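Student: I would like to learn how to read a sheet and its surroundings. Could you walk me through one?

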Amino acid sequence: MYSGGDCAQIYSQFDKSSIYVPLATNANKMARIIADNIKNPEHKYPGTLGSSILGVGNLEITKTGSFDTIDKNKIGSVYIKDYDLPRYLKQSRPLYLKLFYDKTNFQLLAAQMAGYNHATLRINALATAIWNKMDIRDLQNLDLVYSPPFARTSDIIHIASRKVTSS
């Protein structure tokens with residue numbers, strides 16, 4: 001018997017427990033695994049980071065990752081307010097990023113972002129970094145795209161990583 005979707009708990013990448021995270025992305029992945037397992041019961045769900053995005057008017061708010069099961073004294077964070085595009089472009093808007101990391105090994109644990117112009121889609125790069133247990137200090141070397149209508153030469157992710165490295 002299989003159960004999936006919003007009625008089922010899901011495996012957490014962080015503490016290996018079952019959690020309730022009713023997101024369509026998780027439900028879709030569970031449905032695919034259930035279908036695959038009907039034919040060949042070898043697929044397992046690797047877990048979730050709980051990545052989500054919400055729009056409030058023109059403001060986009062997004063998050064990924066967790067640090068609920070880690071001792072709060074071992075959690076470091078960095079907060080950056082910047083802009084999504086070069087300031088000389090009239091469509092440039094504020095962009096906010098907060099990263100959480102383990103102070104003992106600098107592993108990136110979670111990210112929260114708010115902004116406009118689809119700028120919060122940067123969270124996908126951060127979800128990949130969390131999934132792969134990247135060191136937050138290594139984010140400053142990510143090869144992120146640049147062109148003035150889309151991003152700044154030094155992205156907010158680079159700036160946040162450098163702030164951790166310099167502290």
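Tutor: Gladly. Let's begin with what pairing means: two strands pair if DSSP finds at least two bridges between them. Keep in mind that this is a predicted model.

Student: In the hairpin of S3 and S4, how many residues are between the strands, and which residue takes a positive phi?

Tutor: There are 2 residues between the strands, and Gly57 has the positive phi, near 65°. The two strands, S3 and S4 (residues 59-65), are antiparallel and share 5 bridges.

Student: What is the order of the strands in the open sheet?

Tutor: The order is S3-S4-S7-S6-S5, making 5 strands with antiparallel pairing. S3 and S5 (75-83) are the edge strands, each pairing on one side only. From one strand to the next, the twist averages 10°.

Student: Over how many bridges do S5 and S6 pair?

Tutor: S5 and S6 (residues 94-102) pair over 9 bridges, in the antiparallel sense. Within this pair, Ser77 stands opposite Phe100 of S6.

Student: Which helices pack on the sheet?

Tutor: Helix H2 (residues 123-131) does, touching S4, S6 and S7 (108-115), and its direction makes about 175° with that of S7. Helix H3 (residues 156-166) also packs on the sheet; H3 touches S5, S6 and S7, at about 140° to the direction of S5.

Student: Why does S3 lie largely in the open?

Tutor: As a general idea, side chains in a regular strand alternate between the two faces of the sheet. Buried here means under 20% relative accessible area. Of the 5 residues of S3 (residues 52-56), the number buried is 0, so S3 lies largely in the open.

Note on methods:
Residues numbered from 1 in each chain as written. Predicted model: local features only at pLDDT ≥ 70, side-chain atom pairs only at ≥ 80, totals over all residues. Heavy atoms only, no water. Buried < 20%, exposed > 50% of the residue type's maximum accessible area, 1.4 Å probe, protein only. Helix = DSSP H or I, 4+ residues; strand = E, 2+ residues; numbered from the N terminus. Axes fitted to C-alpha atoms, helices over the stretch in contact; angles between N-to-C directions. Contact = heavy atoms within 4.5 Å.
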